[in-house]
Amino acid sequence: MSGSGKVVCVTGASGYIASWLVKLLLQRGYTVRGTVRDLADPKRTEHLRALEGANERLQLFKANLLEEGSFDSVVEGCEGVFHTASPCYVNATDPQAELIDPAVKGALNVFGSCIKTPSVKRVVVTSSMAAVLHNGRPQTPDVVIDATWFSSVEFCEQEKKWYPLSKTLAEEAAWKFSKDNSIDMVTIHPGVVIGPLLQPTLNESSAMLLNLLNGSSTYPNLRFPWVNVKDVAMAHILAFEVPSASGRYFLVERVAHYSEIVKILREQYPALKLPEKCVDDKPFLPIYQVSKEKEKSLGIDYVPIVTSIKETVESLKEKGFVSFSKLAIAK
């Protein structure tokens, strides 16, 4: 119970990663103050209140990323702050309002509350590999992506990659603010996060697998870095607990093309109707490498992608996003 007697804050507590973070923090004995957008919405609160230890050590607060001072009373007295709250949409109609402002202003508002609170020892920020990969540099099998990689604002704007842009700008703003105000900050950069869902709503990364299960005839010619949600949540906690933790941590179990994801699904669910071909006839985008040396120092032991995919599908079934009968359909 390494967190016994310690109080920490988790922003955006109802989210996919954050829900697991709250669960693991409670298991370790922490008292958790979680922020949500709407305390009256059971979809944001019920799954958190049902967690073991929640009755005794979970307090939920309403807070708005765009409202200055909104996090002051929540952060007060906390030793650690986990800033996970940031919108994740692939298709935003108004990128500035939906993605960029909440990501950047939200981070600065949370940090503004932290500097008013002397008890805060470290802030752990949920960033993304989206803030790393989008810079126009080659990503081929001989390339190893490490902590010196940053996404380019200009490249993201040019390619209209709005979610990566929001994460890139938010990370830039957070590093500048933390350095200017002597805040001890660590950033966590997961790839595409899969694994079991605690929340009742469908998140963007789980939807990527669900789309393959729902009768799609093709799969995208894309490759992504993949990681299990439990590993991501634990990395946040270790980044707070390990005194020597610093800088940026890239969480990637492995990089895999969609074709490999389909192959794993076919092996696990041979009766399921899955996409047979790629959406285009172009060569598959190549796989690149992501350095794991620094992450090993935190003590992360990754869940294999095969297990993560199985856990995601079983969780999607359990939550009713895909039916048992659909998973029993013969080819």
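Me: Where does Asn 181 lie?
Reply: Asn 181 is in the loop that runs between α8 and β7. Keep in mind that this is a predicted model.

Me: How far is Asn 181 from Lys 282, C-alpha to C-alpha?
Reply: Those two C-alpha atoms are separated by 49 Å. Along the chain, Asn 181 and Lys 282 are 101 residues apart.

Me: What about Ser 182, which loop is that in?
Reply: Ser 182 also belongs to the loop between α8 and β7. Ser 182 is exposed, with a relative accessible area of 70%.

Me: What's the phi of Ser 182 like, positive or negative?
Reply: Positive, at about 55°, although Ser 182 is not a glycine.

Me: Why would anyone flag that?
Reply: Because most residues other than glycine have a negative phi.

Me: What's the story with Lys 160, then?
Reply: Lys 160 isn't a glycine either, and it has a positive phi of about 55°. You'll find Lys 160 in the loop between α7 (153–158) and α8.

Me: Is Lys 160 buried or exposed?
Reply: Lys 160 is exposed, because its relative accessible area of 58% is over the 50% cut-off.

Me: Switching to strands. How many residues of β5 are buried?
Reply: 5 of its 5 residues are buried, so β5 is mostly covered.

Me: Which way do the β5 residues point?
Reply: Arg 122, Val 124 and Thr 126 point one way, while Val 123 and Val 125 point the other way. All of them are buried.

Me: Which strand does β5 pair with over 4 bridges, in the parallel sense?
Reply: One of them is strand β4 (residues 80–83). In that pairing, Val 81 has Val 123 of β5 as its bridge partner. Another is strand β7 (residues 185–190), which runs parallel to β5 and is joined to it by 4 bridges. There, Val 123 stands opposite Met 185.

Me: What else does β7 pair with?
Reply: β7 and β11 run parallel, with 5 bridges joining them. Thr 187 has Arg 248 in β11 as its bridge partner.

Me: How many residues of β11 are buried?
Reply: 4 of the 5 residues in β11 (residues 247–251) are buried, so that strand is largely enclosed by the rest of the structure.

Me: Now β10. Which strand runs antiparallel to it?
Reply: That's strand β12 (residues 254–257), joined to β10 by 4 bridges. Pro 225 has Val 255 in β12 as its bridge partner.

Me: And in what sense does β8 pair with β10, parallel or antiparallel?
Reply: Parallel, over 3 bridges, with β8 covering residues 192–194. Val 192 stands opposite Trp 226 in β10. As for cover, 5 of the 6 residues in β10 (residues 223–228) are buried.

Me: OK, holes. How many cavities of 30 Å³ or more are there in the whole structure?
Reply: The search finds 1. The volume of the largest cavity is about 80 Å³. Its lining has 13 residues, and the closest to its centre are Ala 103, Val 125, Thr 126, Lys 167 and Ala 170.

Me: Which element gives the most to that lining?
Reply: α8 does, with 4 residues. α5 (95–114), β5 (122–126) and α8 (162–180) each supply at least two.

Me: How do the lining residues divide by type?
Reply: Into 6 nonpolar, 5 polar and 2 charged.

Me: Last topic, the largest nonpolar core. Which residues touch the most other members?
Reply: Val 10, Val 22, Leu 25, Val 32, Ile 261, Leu 265 and Ile 309, out of 66 residues in that core. Helix α1 (residues 16–27) contributes the largest share, 9 residues. Apart from this core lies another one of 21 residues, including Val 75, Val 123, Val 125 and Trp 175.

Me: What is Val 22 in contact with, leaving aside neighbours within four places in sequence?
Reply: Val 22 is in contact with Val 10, Ala 13, Val 32, Leu 48, Leu 51 and Leu 58.

Definitions and conventions. Residues numbered from 1 in each chain as written. Predicted model: local features only at pLDDT ≥ 70, side-chain atom pairs only at ≥ 80, totals over all residues. Heavy atoms only, no water. Buried < 20%, exposed > 50% of the residue type's maximum accessible area, 1.4 Å probe, protein only. Pairing = 2+ DSSP bridges. 1 Å grid on protein atoms, 1.4 Å probe; cavity = no way out; pocket = protein on both sides within 12 Å on 5 of 7 lines; lining within 4 Å. Points joined across faces, edges and corners; volume = space filled by probe spheres on them. Nonpolar A, V, L, I, M, F, W, Y, C, P; charged D, E, K, R; others polar. Core = buried A, V, L, I, M, F, W, Y, C linked by side-chain atoms within 4.5 Å. Contact = heavy atoms within 4.5 Å.
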